Amino acid sequence: MNEQNNGRSSRLPGFYKLGLEERIEKLSDFIELTREEQYHLRHEALSPALADQMVENVVGVFGLPFGVAVNFQIQERDYLIPMAIEESSVVAAASHVAKLVREHGRITVSSTDPIMIGQIQIVGAPDPQAARARILQARERILEIANEQDPVLKEVGGGARDIEVRVLQTVRGPMVIAHLLVDVRNAMGANAVNTMAEALSLFLEGLTGGKVLLRIVSNLADRRLARARLEVSPSAFDEHGWNGEEVVEGILNAYAFALADPYRAATHNKGVMNGIDALMIATGNDWRAIEAGAHAYAARSGRYEPLTKWSRAEDGPSASAQGRPEHGRMGGKLIGEIEVPMAVGLIGGATKVHPVAKVALKILGVTSAQELGEVAAAVGLVQNLAAMRSLVTEGIQKGHMSLHARNVAVSAGAAGEAVGQVASQMVREGRIGFDRAKQILRHALRAAEREVQKLETRLGEEPPKDAPKPKPAPETGSEPKPPAESS
Ligand code: NAD
(Lines give C-alpha, C1' and ligand atoms only; values in the text may rest on other atoms or scores of the structure.)
Protein backbone atom coordinates (compact mmCIF):
# COMPACT_ATOMS: atom_id res chain seq x y z
CA MET A 1 0.00 0.00 0.00
CA ASN A 2 1.02 3.56 -0.59
CA GLU A 3 2.88 5.22 2.27
CA GLN A 4 2.22 8.63 0.69
CA ASN A 5 -1.49 7.94 0.92
CA ASN A 6 -1.45 7.18 4.65
CA GLY A 7 -1.14 3.49 3.91
CA ARG A 8 -4.79 3.46 2.80
CA SER A 9 -6.18 1.23 0.11
CA SER A 10 -7.47 2.79 -3.11
CA ARG A 11 -10.03 -0.01 -3.21
CA LEU A 12 -13.09 2.04 -2.27
CA PRO A 13 -16.16 -0.12 -2.88
CA GLY A 14 -19.29 1.86 -3.65
CA PHE A 15 -17.43 5.18 -4.05
CA TYR A 16 -19.50 5.81 -7.17
CA LYS A 17 -22.74 5.41 -5.24
CA LEU A 18 -21.91 8.17 -2.76
CA GLY A 19 -23.10 11.74 -3.09
CA LEU A 20 -20.60 14.43 -4.00
CA GLU A 21 -20.28 15.60 -0.37
CA GLU A 22 -19.73 12.06 0.88
CA ARG A 23 -17.06 11.50 -1.75
CA ILE A 24 -15.17 14.57 -0.59
CA GLU A 25 -15.40 13.27 2.99
CA LYS A 26 -14.16 9.84 1.93
CA LEU A 27 -11.31 11.49 0.08
CA SER A 28 -10.45 13.39 3.24
CA ASP A 29 -10.14 10.02 4.98
CA PHE A 30 -7.66 8.91 2.36
CA ILE A 31 -5.59 12.08 2.41
CA GLU A 32 -6.24 14.92 4.76
CA LEU A 33 -7.80 17.74 2.77
CA THR A 34 -7.58 21.19 4.32
CA ARG A 35 -10.66 23.41 4.48
CA GLU A 36 -9.19 25.50 1.68
CA GLU A 37 -8.65 22.44 -0.52
CA GLN A 38 -12.20 21.30 0.16
CA TYR A 39 -13.42 24.78 -0.69
CA HIS A 40 -11.73 24.55 -4.09
CA LEU A 41 -13.39 21.21 -4.78
CA ARG A 42 -16.83 22.34 -3.65
CA HIS A 43 -17.04 25.91 -4.82
CA GLU A 44 -14.28 27.51 -6.81
CA ALA A 45 -11.76 25.47 -8.74
CA LEU A 46 -10.01 28.55 -10.08
CA SER A 47 -10.85 32.17 -9.42
CA PRO A 48 -11.15 34.54 -12.39
CA ALA A 49 -8.55 36.74 -10.71
CA LEU A 50 -6.02 33.90 -10.64
CA ALA A 51 -6.95 32.88 -14.18
CA ASP A 52 -6.21 36.47 -15.19
CA GLN A 53 -2.65 35.97 -13.94
CA MET A 54 -2.22 32.80 -15.99
CA VAL A 55 -3.16 33.72 -19.57
CA GLU A 56 -4.13 36.76 -21.61
CA ASN A 57 -7.50 38.38 -22.32
CA VAL A 58 -9.27 36.39 -19.61
CA VAL A 59 -13.05 36.79 -19.54
CA GLY A 60 -13.90 33.88 -17.24
CA VAL A 61 -13.03 30.40 -16.10
CA PHE A 62 -13.89 27.18 -17.89
CA GLY A 63 -14.90 24.22 -15.72
CA LEU A 64 -14.45 20.50 -16.27
CA PRO A 65 -15.69 17.58 -14.17
CA PHE A 66 -13.01 16.45 -11.72
CA GLY A 67 -13.31 12.78 -10.71
CA VAL A 68 -11.19 10.20 -8.99
CA ALA A 69 -10.56 6.72 -10.42
CA VAL A 70 -10.32 4.15 -7.64
CA ASN A 71 -8.78 0.67 -7.28
CA PHE A 72 -5.40 1.37 -8.85
CA GLN A 73 -2.51 -0.67 -7.50
CA ILE A 74 0.72 -0.04 -9.34
CA GLN A 75 3.86 -1.87 -8.29
CA GLU A 76 2.28 -2.87 -4.95
CA ARG A 77 1.30 0.75 -4.19
CA ASP A 78 -2.22 2.07 -4.04
CA TYR A 79 -3.13 5.21 -5.95
CA LEU A 80 -6.27 7.25 -6.34
CA ILE A 81 -6.14 8.75 -9.83
CA PRO A 82 -7.42 12.33 -10.23
CA MET A 83 -9.02 12.87 -13.64
CA ALA A 84 -10.35 16.04 -15.26
CA ILE A 85 -12.44 15.06 -18.26
CA GLU A 86 -15.74 15.90 -19.90
CA GLU A 87 -16.31 12.46 -21.45
CA SER A 88 -18.54 10.15 -19.44
CA SER A 89 -17.50 6.56 -18.70
CA VAL A 90 -13.72 7.15 -18.71
CA VAL A 91 -13.41 7.34 -14.90
CA ALA A 92 -15.80 4.42 -14.38
CA ALA A 93 -14.06 2.24 -16.98
CA ALA A 94 -10.60 2.92 -15.51
CA SER A 95 -11.84 2.16 -11.99
CA HIS A 96 -13.52 -1.07 -13.04
CA VAL A 97 -10.60 -2.49 -15.00
CA ALA A 98 -8.11 -1.38 -12.31
CA LYS A 99 -10.19 -3.51 -9.92
CA LEU A 100 -10.05 -6.53 -12.24
CA VAL A 101 -6.29 -6.16 -12.61
CA ARG A 102 -5.60 -5.72 -8.88
CA GLU A 103 -7.67 -8.84 -8.13
CA HIS A 104 -6.44 -11.02 -11.00
CA GLY A 105 -3.06 -9.65 -11.97
CA ARG A 106 -0.53 -6.88 -11.42
CA ILE A 107 0.93 -3.72 -12.88
CA THR A 108 4.63 -2.89 -12.90
CA VAL A 109 6.27 0.31 -14.13
CA SER A 110 9.66 1.77 -14.98
CA SER A 111 11.08 4.86 -16.66
CA THR A 112 14.20 6.48 -18.03
CA ASP A 113 15.83 9.56 -16.49
CA PRO A 114 13.85 12.75 -17.17
CA ILE A 115 15.89 13.86 -20.20
CA MET A 116 14.38 16.48 -22.49
CA ILE A 117 15.73 17.52 -25.88
CA GLY A 118 16.34 21.15 -26.81
CA GLN A 119 16.68 21.63 -30.56
CA ILE A 120 18.94 24.28 -32.05
CA GLN A 121 18.68 24.89 -35.79
CA ILE A 122 21.72 26.36 -37.56
CA VAL A 123 21.29 27.48 -41.17
CA GLY A 124 23.82 28.77 -43.68
CA ALA A 125 26.89 27.08 -42.16
CA PRO A 126 29.51 27.14 -44.98
CA ASP A 127 30.64 23.58 -44.17
CA PRO A 128 27.86 21.74 -42.29
CA GLN A 129 29.94 18.60 -41.59
CA ALA A 130 32.84 20.66 -40.20
CA ALA A 131 30.33 22.66 -38.14
CA ARG A 132 29.00 19.41 -36.70
CA ALA A 133 32.49 18.27 -35.72
CA ARG A 134 33.31 21.64 -34.10
CA ILE A 135 30.13 21.55 -32.00
CA LEU A 136 30.94 18.06 -30.75
CA GLN A 137 34.51 19.13 -29.89
CA ALA A 138 33.13 22.05 -27.84
CA ARG A 139 30.85 19.75 -25.83
CA GLU A 140 32.25 20.72 -22.39
CA ARG A 141 31.98 24.47 -22.97
CA ILE A 142 28.46 24.09 -24.40
CA LEU A 143 27.29 22.17 -21.32
CA GLU A 144 28.93 24.77 -19.11
CA ILE A 145 27.11 27.68 -20.81
CA ALA A 146 23.82 25.76 -20.67
CA ASN A 147 24.17 24.94 -16.98
CA GLU A 148 25.05 28.53 -16.06
CA GLN A 149 21.46 29.40 -17.05
CA ASP A 150 19.79 27.27 -14.40
CA PRO A 151 21.72 26.95 -11.13
CA VAL A 152 18.54 25.77 -9.37
CA LEU A 153 18.16 22.85 -11.73
CA LYS A 154 21.84 21.98 -11.19
CA GLU A 155 21.32 22.16 -7.42
CA VAL A 156 18.49 19.62 -7.52
CA GLY A 157 20.61 17.18 -9.50
CA GLY A 158 19.56 18.07 -13.05
CA GLY A 159 21.21 20.04 -15.83
CA ALA A 160 22.53 19.77 -19.38
CA ARG A 161 24.05 16.34 -19.93
CA ASP A 162 25.08 16.01 -23.56
CA ILE A 163 24.98 17.42 -27.08
CA GLU A 164 24.22 15.54 -30.28
CA VAL A 165 24.42 16.93 -33.80
CA ARG A 166 22.98 15.92 -37.18
CA VAL A 167 23.27 17.44 -40.60
CA LEU A 168 19.74 17.39 -41.94
CA GLN A 169 18.98 17.52 -45.66
CA THR A 170 15.94 19.76 -46.09
CA VAL A 171 14.03 21.31 -49.00
CA ARG A 172 16.02 24.49 -48.28
CA GLY A 173 19.38 22.81 -48.22
CA PRO A 174 21.47 21.24 -45.44
CA MET A 175 20.95 22.41 -41.88
CA VAL A 176 22.94 21.66 -38.76
CA ILE A 177 20.63 20.51 -35.97
CA ALA A 178 22.02 20.27 -32.46
CA HIS A 179 20.18 18.46 -29.68
CA LEU A 180 20.93 19.59 -26.16
CA LEU A 181 20.01 16.82 -23.74
CA VAL A 182 18.90 18.15 -20.37
CA ASP A 183 17.97 16.30 -17.21
CA VAL A 184 15.01 18.36 -15.99
CA ARG A 185 14.30 16.37 -12.79
CA ASN A 186 10.83 17.25 -11.49
CA ALA A 187 10.01 19.86 -14.13
CA MET A 188 8.24 19.35 -17.45
CA GLY A 189 11.27 21.26 -18.60
CA ALA A 190 10.23 23.24 -21.68
CA ASN A 191 11.12 26.63 -20.22
CA ALA A 192 14.32 25.32 -18.66
CA VAL A 193 15.47 23.78 -21.95
CA ASN A 194 14.39 26.72 -24.12
CA THR A 195 16.36 29.14 -21.93
CA MET A 196 19.50 27.02 -22.27
CA ALA A 197 19.06 26.62 -26.03
CA GLU A 198 18.64 30.36 -26.51
CA ALA A 199 21.70 31.10 -24.41
CA LEU A 200 23.87 29.00 -26.75
CA SER A 201 23.05 31.01 -29.89
CA LEU A 202 26.05 33.33 -30.03
CA PHE A 203 28.53 30.65 -29.10
CA LEU A 204 27.20 28.25 -31.76
CA GLU A 205 27.12 30.95 -34.45
CA GLY A 206 30.77 31.78 -33.71
CA LEU A 207 31.66 28.09 -33.83
CA THR A 208 29.87 27.23 -37.07
CA GLY A 209 29.76 30.44 -39.12
CA GLY A 210 26.03 29.80 -39.59
CA LYS A 211 22.93 31.50 -38.22
CA VAL A 212 21.03 30.07 -35.27
CA LEU A 213 17.29 30.12 -35.94
CA LEU A 214 14.91 27.92 -33.88
CA ARG A 215 15.83 27.15 -30.28
CA ILE A 216 13.06 25.14 -28.70
CA VAL A 217 12.27 21.96 -26.82
CA SER A 218 11.22 18.91 -28.85
CA ASN A 219 7.92 17.36 -27.88
CA LEU A 220 9.11 14.03 -29.21
CA ALA A 221 10.58 13.37 -25.78
CA ASP A 222 11.93 9.94 -26.66
CA ARG A 223 14.73 10.16 -24.07
CA ARG A 224 12.12 10.51 -21.36
CA LEU A 225 10.03 7.37 -21.55
CA ALA A 226 7.62 5.86 -19.07
CA ARG A 227 6.73 2.19 -19.28
CA ALA A 228 4.00 0.10 -17.74
CA ARG A 229 3.31 -3.58 -18.02
CA LEU A 230 0.25 -5.40 -16.79
CA GLU A 231 -0.62 -9.04 -16.63
CA VAL A 232 -4.07 -10.32 -15.90
CA SER A 233 -5.62 -13.77 -15.83
CA PRO A 234 -8.30 -14.43 -18.44
CA SER A 235 -10.66 -15.39 -15.58
CA ALA A 236 -10.77 -11.67 -14.68
CA PHE A 237 -13.09 -11.25 -17.66
CA ASP A 238 -15.49 -14.01 -16.66
CA GLU A 239 -18.15 -11.37 -16.00
CA HIS A 240 -21.75 -10.84 -17.05
CA GLY A 241 -21.88 -14.28 -18.63
CA TRP A 242 -18.81 -13.71 -20.84
CA ASN A 243 -16.07 -16.26 -21.22
CA GLY A 244 -12.79 -14.67 -20.12
CA GLU A 245 -10.78 -16.72 -22.60
CA GLU A 246 -12.91 -15.45 -25.46
CA VAL A 247 -12.64 -11.90 -24.19
CA VAL A 248 -8.83 -12.21 -24.19
CA GLU A 249 -8.88 -13.63 -27.71
CA GLY A 250 -11.10 -10.73 -28.74
CA ILE A 251 -8.69 -8.25 -27.19
CA LEU A 252 -5.76 -9.82 -29.06
CA ASN A 253 -7.72 -9.59 -32.30
CA ALA A 254 -8.60 -5.97 -31.55
CA TYR A 255 -4.91 -5.24 -31.00
CA ALA A 256 -3.92 -7.04 -34.22
CA PHE A 257 -6.42 -4.84 -36.07
CA ALA A 258 -4.87 -1.67 -34.60
CA LEU A 259 -1.38 -2.90 -35.44
CA ALA A 260 -2.38 -3.46 -39.06
CA ASP A 261 -4.47 -0.34 -39.60
CA PRO A 262 -3.68 3.30 -38.75
CA TYR A 263 -7.41 4.15 -38.89
CA ARG A 264 -7.96 1.82 -35.97
CA ALA A 265 -4.62 2.66 -34.29
CA ALA A 266 -5.68 6.32 -34.02
CA THR A 267 -8.81 5.35 -32.08
CA HIS A 268 -6.92 2.74 -30.06
CA ASN A 269 -4.46 5.46 -29.01
CA LYS A 270 -7.26 7.93 -28.35
CA GLY A 271 -8.49 5.44 -25.75
CA VAL A 272 -5.02 5.35 -24.19
CA MET A 273 -4.92 9.14 -24.09
CA ASN A 274 -8.39 9.36 -22.49
CA GLY A 275 -6.69 8.20 -19.30
CA ILE A 276 -3.38 9.99 -19.69
CA ASP A 277 -4.87 13.36 -20.69
CA ALA A 278 -7.43 13.30 -17.89
CA LEU A 279 -4.63 12.82 -15.36
CA MET A 280 -2.46 15.45 -17.07
CA ILE A 281 -5.22 18.06 -17.07
CA ALA A 282 -6.10 17.31 -13.44
CA THR A 283 -2.50 17.79 -12.35
CA GLY A 284 -2.03 21.01 -14.33
CA ASN A 285 0.36 19.45 -16.82
CA ASP A 286 0.80 20.45 -20.45
CA TRP A 287 -1.36 17.76 -22.03
CA ARG A 288 -0.73 19.08 -25.57
CA ALA A 289 2.95 18.33 -25.05
CA ILE A 290 2.09 14.79 -23.92
CA GLU A 291 -0.33 14.31 -26.83
CA ALA A 292 2.19 15.55 -29.39
CA GLY A 293 4.91 13.32 -27.91
CA ALA A 294 2.69 10.25 -27.75
CA HIS A 295 1.49 10.44 -31.35
CA ALA A 296 4.92 11.26 -32.76
CA TYR A 297 6.30 8.29 -30.83
CA ALA A 298 3.49 6.09 -32.16
CA ALA A 299 4.70 6.90 -35.69
CA ARG A 300 8.42 6.40 -35.03
CA SER A 301 8.68 3.32 -37.25
CA GLY A 302 7.42 5.37 -40.20
CA ARG A 303 3.92 3.95 -39.74
CA TYR A 304 1.42 5.12 -37.15
CA GLU A 305 1.02 2.27 -34.68
CA PRO A 306 -0.67 1.49 -31.35
CA LEU A 307 1.08 2.87 -28.26
CA THR A 308 0.35 -0.37 -26.44
CA LYS A 309 1.26 -3.99 -27.16
CA TRP A 310 -0.91 -6.95 -26.18
CA SER A 311 0.07 -10.60 -26.09
CA ARG A 312 -0.51 -13.79 -24.17
CA ALA A 313 2.00 -15.22 -21.71
CA GLU A 314 3.34 -18.57 -22.81
CA ASP A 315 2.71 -20.08 -19.39
CA GLY A 316 -0.88 -21.26 -19.89
CA PRO A 317 -1.64 -24.95 -19.41
CA SER A 318 -2.30 -25.42 -23.10
CA ALA A 319 -0.49 -22.54 -24.74
CA SER A 320 -0.09 -24.72 -27.84
CA ALA A 321 -3.76 -24.05 -28.58
CA GLN A 322 -3.09 -20.31 -28.87
CA GLY A 323 -5.57 -18.37 -30.92
CA ARG A 324 -8.19 -21.11 -30.85
CA PRO A 325 -10.42 -20.77 -27.82
CA GLU A 326 -12.54 -23.71 -28.95
CA HIS A 327 -9.58 -25.93 -28.04
CA GLY A 328 -10.29 -25.36 -24.38
CA ARG A 329 -8.97 -22.92 -21.80
CA MET A 330 -5.58 -21.69 -22.77
CA GLY A 331 -4.90 -20.11 -19.40
CA GLY A 332 -1.98 -17.91 -20.45
CA LYS A 333 -2.25 -14.46 -18.91
CA LEU A 334 -3.02 -11.42 -21.01
CA ILE A 335 0.04 -9.16 -21.09
CA GLY A 336 -0.20 -5.48 -21.88
CA GLU A 337 2.71 -3.09 -22.34
CA ILE A 338 3.07 0.59 -23.02
CA GLU A 339 6.06 2.83 -23.63
CA VAL A 340 5.34 6.50 -24.08
CA PRO A 341 7.21 9.81 -23.85
CA MET A 342 6.28 11.50 -20.60
CA ALA A 343 7.22 15.17 -20.34
CA VAL A 344 5.47 15.77 -17.04
CA GLY A 345 6.23 17.99 -14.07
CA LEU A 346 5.45 18.41 -10.41
CA ILE A 347 6.69 21.98 -10.45
CA GLY A 348 6.43 24.69 -13.08
CA GLY A 349 3.58 25.39 -15.47
CA ALA A 350 0.17 25.33 -13.77
CA THR A 351 1.06 22.50 -11.39
CA LYS A 352 1.86 24.81 -8.49
CA VAL A 353 -0.56 27.57 -9.46
CA HIS A 354 -3.93 25.96 -10.12
CA PRO A 355 -5.60 25.20 -6.73
CA VAL A 356 -7.27 21.99 -7.93
CA ALA A 357 -4.11 20.78 -9.69
CA LYS A 358 -2.40 21.06 -6.30
CA VAL A 359 -5.20 19.04 -4.68
CA ALA A 360 -4.93 16.49 -7.51
CA LEU A 361 -1.22 16.01 -6.89
CA LYS A 362 -1.93 15.56 -3.20
CA ILE A 363 -4.60 12.94 -3.97
CA LEU A 364 -2.18 11.13 -6.26
CA GLY A 365 0.62 11.25 -3.71
CA VAL A 366 3.55 10.97 -6.12
CA THR A 367 6.93 12.31 -5.07
CA SER A 368 8.68 12.76 -8.41
CA ALA A 369 7.85 13.61 -12.01
CA GLN A 370 9.18 10.19 -12.95
CA GLU A 371 6.66 8.53 -10.66
CA LEU A 372 3.87 10.71 -12.13
CA GLY A 373 4.93 9.60 -15.63
CA GLU A 374 4.93 5.94 -14.62
CA VAL A 375 1.46 6.22 -13.08
CA ALA A 376 0.22 8.02 -16.21
CA ALA A 377 1.57 5.21 -18.40
CA ALA A 378 -0.21 2.64 -16.21
CA VAL A 379 -3.46 4.62 -16.38
CA GLY A 380 -3.20 4.79 -20.19
CA LEU A 381 -2.65 1.05 -20.38
CA VAL A 382 -5.60 0.25 -18.10
CA GLN A 383 -7.82 2.68 -20.03
CA ASN A 384 -6.86 0.97 -23.28
CA LEU A 385 -7.71 -2.43 -21.82
CA ALA A 386 -11.04 -1.08 -20.58
CA ALA A 387 -11.94 0.22 -24.04
CA MET A 388 -10.96 -3.02 -25.78
CA ARG A 389 -12.81 -5.12 -23.21
CA SER A 390 -16.00 -3.16 -23.90
CA LEU A 391 -15.52 -3.24 -27.65
CA VAL A 392 -15.13 -7.01 -27.80
CA THR A 393 -18.02 -7.73 -25.44
CA GLU A 394 -21.09 -5.54 -25.10
CA GLY A 395 -19.81 -2.84 -27.46
CA ILE A 396 -18.67 0.55 -26.30
CA GLN A 397 -22.07 2.20 -26.55
CA LYS A 398 -23.96 0.32 -23.83
CA GLY A 399 -21.83 1.44 -20.91
CA HIS A 400 -20.85 4.68 -22.53
CA MET A 401 -24.35 5.78 -23.43
CA SER A 402 -25.80 4.77 -20.06
CA LEU A 403 -23.35 7.11 -18.39
CA HIS A 404 -23.72 9.67 -21.16
CA ALA A 405 -27.54 9.65 -20.79
CA ARG A 406 -27.41 12.45 -18.21
CA ASN A 407 -25.49 14.68 -20.65
CA VAL A 408 -28.05 13.90 -23.34
CA ALA A 409 -30.88 14.81 -20.95
CA VAL A 410 -29.22 18.15 -20.10
CA SER A 411 -28.58 18.93 -23.80
CA ALA A 412 -32.27 18.26 -24.48
CA GLY A 413 -33.25 20.83 -21.87
CA ALA A 414 -33.73 18.86 -18.64
CA ALA A 415 -32.77 20.54 -15.39
CA GLY A 416 -32.60 19.58 -11.72
CA GLU A 417 -34.18 16.28 -10.76
CA ALA A 418 -35.57 15.85 -14.26
CA VAL A 419 -32.02 15.10 -15.49
CA GLY A 420 -31.79 11.86 -13.52
CA GLN A 421 -35.39 10.90 -14.29
CA VAL A 422 -35.11 11.44 -18.04
CA ALA A 423 -31.72 9.66 -18.10
CA SER A 424 -32.99 6.65 -16.13
CA GLN A 425 -36.02 6.33 -18.37
CA MET A 426 -33.85 6.37 -21.51
CA VAL A 427 -31.48 3.76 -20.04
CA ARG A 428 -34.42 1.56 -18.99
CA GLU A 429 -35.86 1.74 -22.48
CA GLY A 430 -32.47 1.24 -24.11
CA ARG A 431 -33.21 4.36 -26.21
CA ILE A 432 -30.65 6.99 -25.34
CA GLY A 433 -30.79 9.93 -27.68
CA PHE A 434 -31.51 13.62 -27.94
CA ASP A 435 -34.85 13.01 -29.68
CA ARG A 436 -36.04 10.59 -27.03
CA ALA A 437 -35.02 12.96 -24.24
CA LYS A 438 -37.00 15.77 -25.91
CA GLN A 439 -40.03 13.46 -26.27
CA ILE A 440 -39.90 12.53 -22.59
CA LEU A 441 -39.63 16.16 -21.60
CA ARG A 442 -42.51 17.18 -23.92
CA HIS A 443 -44.60 14.39 -22.48
CA ALA A 444 -43.78 15.60 -18.97
CA LEU A 445 -44.71 19.15 -19.88
CA ARG A 446 -48.04 18.09 -21.40
CA ALA A 447 -48.81 16.01 -18.31
CA ALA A 448 -48.08 19.05 -16.16
CA GLU A 449 -50.29 21.25 -18.35
CA ARG A 450 -53.15 18.75 -18.03
CA GLU A 451 -52.74 18.85 -14.26
CA VAL A 452 -52.99 22.65 -14.34
CA GLN A 453 -56.13 22.50 -16.49
CA LYS A 454 -57.76 20.00 -14.12
CA LEU A 455 -56.92 22.23 -11.19
CA GLU A 456 -58.38 25.27 -12.94
CA THR A 457 -61.56 23.37 -13.78
CA ARG A 458 -61.92 22.23 -10.18
CA LEU A 459 -61.52 25.73 -8.86
CA GLY A 460 -64.00 26.96 -11.51
CA GLU A 461 -62.05 30.13 -12.01
CA GLU A 462 -58.74 31.41 -13.36
CA PRO A 463 -56.09 31.06 -10.68
CA PRO A 464 -54.25 34.24 -9.68
CA LYS A 465 -51.27 34.93 -11.97
CA ASP A 466 -48.69 34.28 -9.28
CA ALA A 467 -50.21 30.97 -8.09
CA PRO A 468 -47.61 28.19 -8.01
CA LYS A 469 -47.95 25.69 -10.84
CA PRO A 470 -47.52 21.98 -10.23
CA LYS A 471 -44.26 20.48 -11.47
CA PRO A 472 -44.41 18.48 -14.68
CA ALA A 473 -43.82 14.74 -14.38
CA PRO A 474 -41.99 12.56 -16.90
CA GLU A 475 -43.42 9.20 -17.87
CA THR A 476 -41.84 7.76 -14.75
CA GLY A 477 -44.75 9.18 -12.77
CA SER A 478 -42.43 11.16 -10.49
CA GLU A 479 -42.29 14.92 -10.36
CA PRO A 480 -39.20 16.60 -11.80
CA LYS A 481 -38.68 20.33 -12.12
CA PRO A 482 -39.97 21.87 -15.36
CA PRO A 483 -37.35 21.61 -18.11
CA ALA A 484 -35.58 24.80 -19.11
CA GLU A 485 -36.28 24.38 -22.83
CA SER A 486 -38.82 21.72 -23.38
CA SER A 487 -40.70 22.87 -26.45
P1 NAD B 1 9.28 26.29 -15.13
O2 NAD B 1 10.29 27.10 -15.86
O3 NAD B 1 8.11 27.01 -14.55
O4 NAD B 1 9.98 25.47 -13.95
C5 NAD B 1 11.18 24.78 -14.12
C6 NAD B 1 12.25 25.39 -13.25
O7 NAD B 1 11.99 25.12 -11.88
C8 NAD B 1 13.60 24.77 -13.49
O9 NAD B 1 14.22 25.40 -14.58
C10 NAD B 1 14.32 25.00 -12.19
O11 NAD B 1 15.00 26.23 -12.18
C12 NAD B 1 13.22 25.10 -11.14
N13 NAD B 1 13.18 23.94 -10.22
C14 NAD B 1 13.04 24.02 -8.87
N15 NAD B 1 13.03 22.79 -8.31
C16 NAD B 1 13.14 21.90 -9.31
C17 NAD B 1 13.15 20.47 -9.38
N18 NAD B 1 13.06 19.70 -8.29
N19 NAD B 1 13.26 19.88 -10.58
C20 NAD B 1 13.34 20.63 -11.72
N21 NAD B 1 13.36 21.99 -11.71
C22 NAD B 1 13.23 22.62 -10.53
O23 NAD B 1 8.66 25.15 -16.02
P24 NAD B 1 9.24 24.14 -17.07
O25 NAD B 1 8.96 22.79 -16.54
O26 NAD B 1 10.64 24.44 -17.50
O27 NAD B 1 8.30 24.44 -18.32
C28 NAD B 1 6.98 23.98 -18.33
C29 NAD B 1 6.08 24.99 -19.02
O30 NAD B 1 6.57 25.27 -20.32
C31 NAD B 1 4.70 24.45 -19.22
O32 NAD B 1 3.77 25.39 -18.75
C33 NAD B 1 4.58 24.31 -20.73
O34 NAD B 1 3.24 24.50 -21.13
C35 NAD B 1 5.48 25.38 -21.22
N36 NAD B 1 6.01 25.29 -22.59
C37 NAD B 1 5.90 24.17 -23.37
C38 NAD B 1 6.43 24.13 -24.64
C39 NAD B 1 6.32 22.89 -25.46
O40 NAD B 1 5.92 21.85 -24.97
N41 NAD B 1 6.67 22.90 -26.75
C42 NAD B 1 7.11 25.26 -25.13
C43 NAD B 1 7.23 26.37 -24.31
C44 NAD B 1 6.69 26.38 -23.04
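This is a predicted model: local features need pLDDT of at least 70, side-chain atom pairs count only at pLDDT 80 or more; totals for chains, interfaces and linings use all residues.
Q: Which secondary-structure elements does the chain hold, and how many?
A: The chain has 17 helices and ten strands.

Q: What share of the residues is buried?
A: Burial is a neighbour count: 20 or more other C-beta atoms within 10 Å. Here, buried residues are 43% of the 487 in the chain.

Q: What part of the contacts comes from residues 24 or more positions apart?
A: Take the contacts with a separation of 6 or more. Of these, 74% join residues 24 or more positions apart.

Q: How do strands pair, and in what order do the four strands of the open sheet run?
A: Strands in a sheet pair through backbone hydrogen bonds, parallel or antiparallel. In this structure the order is β5-β6-β4-β7, and the pairing is antiparallel.

Q: Why is one side of β5 and of β7 left without a neighbour in the sheet?
A: β5 (159–170) and β7 (211–217) are at the edges. Each has a single partner strand, so one side of each has no neighbour in the sheet. From one strand to the next, the twist averages 20°.

Q: How many bridges join β4 and β7?
A: Five bridges, in the antiparallel sense, with β4 spanning residues 115–123. As one case, Gln119 has Ile216 of β7 as its bridge partner.

Key
Residues are numbered from 1 along each chain as its sequence is written. Helices (H or I, at least four residues) and strands (E, at least two) are DSSP runs, numbered from the N terminus. A residue is buried if 20 or more other C-beta atoms lie within 10 Å of its own, exposed if 12 or fewer, and partly exposed in between; C-beta atoms are placed from the backbone. Two residues are in contact if their C-beta atoms, placed from the backbone, lie within 7 Å. Two strands pair if DSSP finds at least two bridges between them. Axes are lines fitted to C-alpha atoms, for helices over the stretch in contact, and angles run from 0 to 180 degrees between N-to-C directions.
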